[in-house]
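Dear colleague,

Please find the structure below, handed over for your study.

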Amino acid sequence: MAFHDQNNNHTNGEVSKKPKLSFSAITDTEIQSKFSHHDPTVVRLNNGAFGCCPSSVLAAQRQWQLKSLRQPDHFYFNHLQKGILHSRTIIKDLVNAQHVNEISIVDNASTATAIVLQQASWAFQEGKFNKGDSVVMLHYAYGSVKKAIEAYVTRAGGRVIEVPLTFPVTSEDDIIREFRHVLEKTKSEGSSNKVRLAVIDHVTSMPSMVIPVKELVKICREEGVDQVFVDAAHAVGCTPRVDMQEIGADFYTSNLHKWFFCPPSVAFIYTRKSVNSVDLHHPVVSHEYGNGLAIESSWIGNRDYSAQLVVPTVMEFVNRFEGGIEGIKERNHDCVVEMGEMLVEAWGTHLGTPHHMSASMVMVGLPPSLGIMNECDAMNLRTHLREFFGVEVPIYFRDGGEVGCVSGYARISYQVYNKIDDYYKFRDAINQLVSDGLTCAFLSS
Amino acid sequence: MASEKNNHHRSIPDINGTHPTPKKPKLSSSSNFITASEIQSEFSHHDSAVSRINNGSFGSCPSSILSAQQQWQLKYLRQPDHFYFNHLKPAINNSRSIIQNLVNAKDINEISIVDNATTAAAIVLQHTAWCFREGKFNKGDVVVMLHYAYGAVKKSMEAYVTRAGGKVIEVPLPFPVSSNDEIVTEFRKALEKGKVDGKKIRLAVIDHVTSMPCVVIPVKELIQICREEGVEQVFVDAAHSIGCTDVDMQDIGADFYTTNLHKWFFCPPSIAFLYTKKNPKTGGGGDLHHPVVSHEYGNGLAVESAWIGTRDYSAQLVVPEALEFVNRLEGGIEGIKKRNHEAVIEMGEMLVKAWGTHLGSPKHMCASMVMVGLPTCFGVRSDSDALTLRTHLRDVFGVEVPIYYRPPRDGEVDPVTGYARIFYQVYNKVEDYYKFRDAVNQLVDNGFACTLLSK
């Protein structure tokens with residue numbers, strides 16, 4: 001099995017690619033050292049939930065914190081804004097935004113979502129959108145995003161339409177077809193009600209799959225959807241082609257602490273310059289209200305902004321890997337797919353998504369004998385794996401299967417600190433549960 | 001200062017320059033009290049070249065609490081899933097429980113932990129906006145606030161209340177102020193104005209301690225007036241209060257109350273709580289929600305606020321350590337408050353005597369801070385001048401102190417237009433204030449004026 005180390009060197013004895021001489025490539029030992037604060041007894045296959053941060057970046061963060069604590073007034077007047085602007089500039093280049101004003105730094109994708117949806121809420125309340133106009137979202141939209149849509153859109157009189165998606169999924173065409181169908185149906189209902197906003201995941205959370213956002217944004221434009229918001233919580237450092245010009249959305253958010261090695265927590269929200277940004281404001285209103293979202297977000301009251309200031313340090317870290325962030329993404333993808341295939345072969349199951357719809361995560365079918373019958377079972381199994389086997393991996397319950405079919409999927413991730421042994425440990429844990437005859441019914445009793 | 005046991009450094013002299021007789025230390029628990037040198041050590045991460053007399057802006061955090069915070073951060077980073085499922089909520093509840101007891105709230109559900117008072121204000125005012133939008137309040141109904149309300153809160157009023165159709169009435173306040181009565185009179189007048197044409201006053205936003213200029217407001221009295229005059233709800237913005245003023249939810253009687261714990265309660269940046277009085281009729285907390293909506297939406301503000309997406313919650317988890325630290329000082333938080341107040345007044349009077357100016361408010365309207373008039377020859381003529389002077393003091397003299405520009409009123413002859421807002425916190429020493437005194441004296445000697453700097 002050709003398992004890649006971080007510099008594309010095959011470990012099975014094949015001739016390794018010549019390393020670039022012009023930079024000091026990070027070694028495997030260094031990588032392990034930088035993540036030595038992770039619990040060594042735990043196999044960490046859930047990078048998608050909370051991300052990870054190398055110790056060198058944590059140390060840089062600590063420096064920023066100490067700088068602020070040392071003389072906070074001086075820090076506030078002379079360092080903070082510059083530091084945040086520096087981070088924003090790096091992000092702008094990373095995602096190919098046209099102007100740094102299009103990039104605002106916020107805590108996390110949840111905050112970005114609140115910003116976009118509050119704007120929609122005002123529009124409904126102030127009559128800019130009519131009651132009954134719609135907001136479209138995917139069936140597999142993240143749980144807290146669904147709640148935000150309820151809190152801001154439904155409450156303000158907007159109608160919410162879900163695009164049904166199937167899982168397992170075999171091709172992007174299914175998603176594109178369903179999406180187009182929903183938009184066309186809404187239009188054909190004949191009323192004057194418009195689709196004001198489409199909320200599209202770049203990578204869904206559970207079950208995880210890469211959504212063809214570029215195509216969906218195009219359909220939105222064709223079908224006259226007012227605004228498109230891409231919830232790309234995972235995207236930066238995980239999916240290929242995080243390019244604002246290419247994707248073409250009005251709003252786009254991604255966390256940087258999930259796959260871009262930032263400490264918890266920091267995310268950005270991209271707002272296309274052509275959109276009327278006056279209505280878009282940070283919900284925590286402070287002195288900078290009215291000066292544009294980017295400036296507002298850089299001061300929302302007294303707090304610790306240090307996580308937002310280490311983006312330059314993270315770039316340095318990322319560029320120590322061959323190919324930088326693109327190289328990391330590519331290798332993570334190759335590895336997670338390889339590991340996923342290894343697992344399904346060992347367990348006699350299947351992957352929930354084709355390779356090209358998996359980024360750094362893949363859904364791996366679990367043996368039906370485990371008897372995962374509901375979400376509670378999935379959670380119990382996850383807890384059991386954590387407590388008895390030291391394996392941290394989220395489990396998804398897939399409704400609607402027949403008895404004897406795969407009803408549970410593990411969402412495994414691959415990040416630079418992972419090793420092949422992590423996945424063997426998981427494989428063996430499940431094999432042991434199966435041979436012990438353990439079922440989820442037993443776990444919940 | 002003189003009342004601390006093991007007082008290894010000079011106690012603050014009175015204005016005659018004599019040192020007061022040290023009070024007899026309590027013998028029973030004296031061995032546990034923190035010493036003066038331990039205090040300096042706990043704050044040794046502060047820039048020693050700077051006289052830090054602005055605790056009110058950003059607060060301060062002892063190194064033992066910063067270490068405790070770091071432990072929490074490492075625990076999380078070590079295994080975040082396990083932390084999320086098994087540690088986070090109990091730790092937040094522990095903090096909330098301590099706060100509940102500290103502020104005498106009846107029910108732990110009345111205490112939500114948020115980032116800062118700015119966030120708390122957004123929560124309350126967003127709720128007000130919904131009420132206007134959903135017809136619960138009528139367009140033109142009133143929200144009252146003080147003229148000296150914090151700038152960010154005024155913007156929040158604009159963003160949520162004015163935008164949603166509410167009318168905002170400001171209570172003008174005099175400064176310098178000489179008694180609570182002046183404030184009460186203006187407040188009553190504003191309420192009368194609000195009730196004109198049959199409009200209802202839906203909310204009064206009252207500072208417990210205004211920011212600039214810094215004055216303790218008689219909130220209890222104002223709330224009573226609100227109840228008498230039929231104001232529906234009262235929100236007290238007490239950004240400064242815990243560790244600085246008295247904070248008793250039953251005594252104060254507000255519907256909503258927020259204070260930062262990183263200003264005067266030694267927590268790291270940043271943490272605040274929002275108290276929401278339980279409605280005895282509905283049992284609910286007033287239907288507020290956190291603007292960052294996450295999985296816990298609908299489960300009540302306290303539970304919602306405990307998870308608003310992935311982030312670093314560690315500052316919210318060290319409230320137990322903050323309480324421990326506070327109890328290492330004689331008299332605990334009450335002792336600290338009292339000594340801070342006495343010391344800052346003493347320092348304020350020392351300064352006004354040295355400069356020939358006056359304090360901006362009487363002692364009973366100051367807490368751990370006081371507004372000190374600056375020599376008129378400085379010619380502070382704008383907010384910009386005030387900021388320039390502040391920067392000059394920082395860059396040239398190593399003194400960190402906010403300066404307030406007080407516009408002159410008609411008929412005033414050579415008024416004091418600049419005030420320094422000085423604070424006193426446990427790490428301060430008398431030398432900090434001498435340094436400030438001498439800096440200002442030097443500027444006066446040099447014929448300094450703000451116009452010179454702004455060229």
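How many residue pairs are in polar contact between chain B and chain A (both at pLDDT 80 or more)? The count is 31 residue pairs. A polar contact is a pair of N or O atoms within 3.5 Å; within protein, one must be able to donate a hydrogen and the other to accept it, and residues adjacent in sequence count only if both atoms are side-chain atoms.

Please note that this is a predicted model, in which local features need pLDDT of at least 70 and side-chain atom pairs count only at pLDDT 80 or more, while totals for chains, interfaces and linings use all residues. Residues are numbered from 1 along each chain as its sequence is written, chains are lettered from A and ligands numbered from 1 in the order in which they are written, and side-chain values use heavy atoms, with hydrogens and water left out.

**The two chains together**

In the interface, 62 residues of chain B are in contact (heavy atoms within 4.5 Å) with 62 residues of chain A. The area buried between chain B and chain A is about 5,800 Å², and carbon and sulfur atoms give 54% of it. Buried area here is the accessible area (1.4 Å probe) that two parts lose on being put together, summed over both. On the side of chain B, the residues that lose the most area to chain A are Phe58(B), Trp130(B) and Arg163(B), together 13% of what that side buries.

The rule also finds 10 salt bridges across the interface of chain B and chain A. A salt bridge is a side-chain nitrogen of Lys or Arg within 4 Å of a carboxyl oxygen of Asp or Glu. Arg311(B) forms a salt bridge with Asp107(A), where the closest N and O atoms are 3.0 Å apart. Several helices of chain B each supply at least two residues of the side that touches chain A, including helix H3 (63-78), helix H6 (117-133) and helix H14 (383-397). Helices (H or I, at least four residues) and strands (E, at least two) are DSSP runs, numbered from the N terminus. By class, this side of chain B has 24 nonpolar, 22 polar and 16 charged residues. In this classification Ala, Val, Leu, Ile, Met, Phe, Trp, Tyr, Cys and Pro count as nonpolar, Asp, Glu, Lys and Arg as charged, and the others, Gly among them, as polar.

**The domains within each chain**

Domain bounds come from an automatic or database domain assignment. Chain B is divided into domain 1 (74-325) and domain 2 (332-452), and their C-alpha centres lie 29 Å apart. The contact takes 26 residues from domain 1 of chain B and 27 residues from domain 2 of chain B. These two domains bury about 2,100 Å² between them, 67% of it on carbon and sulfur atoms. Phe175(B), Met212(B) and Trp264(B) supply 31% of the area that domain 1 of chain B buries against domain 2, more than any other three residues. The rule finds one salt bridge across this interface; Lys337(B) forms a salt bridge with Asp246(B), with the closest N and O atoms 2.9 Å apart.

Chain A is divided into domain 1 (66-316) and domain 2 (323-442), and 29 Å separate their C-alpha centres. The contact takes 26 residues from domain 1 of chain A and 25 residues from domain 2 of chain A. Between them, the domains of chain A bury about 2,100 Å², 69% of it on carbon and sulfur atoms. Phe167(A), Met206(A) and Trp259(A) supply 32% of the area that domain 1 of chain A buries against domain 2, more than any other three residues. Across this interface of chain A the rule finds zero salt bridges, and five residue pairs are in polar contact (both at pLDDT 80 or more).

**Backbone details**

Most residues other than glycine have a negative phi, and most peptide bonds are trans. In chain A, a cis peptide bond joins Met206(A) and Pro207(A), with omega about -5°. Pro207(A) is found in the loop between strand E5 (195-201) and helix H9 (213-222) of chain A. In chain B, the peptide bond from Met212(B) to Pro213(B) is cis, with omega near -5°.

Asn96(A) is not a glycine, yet has a positive phi of about 60°.
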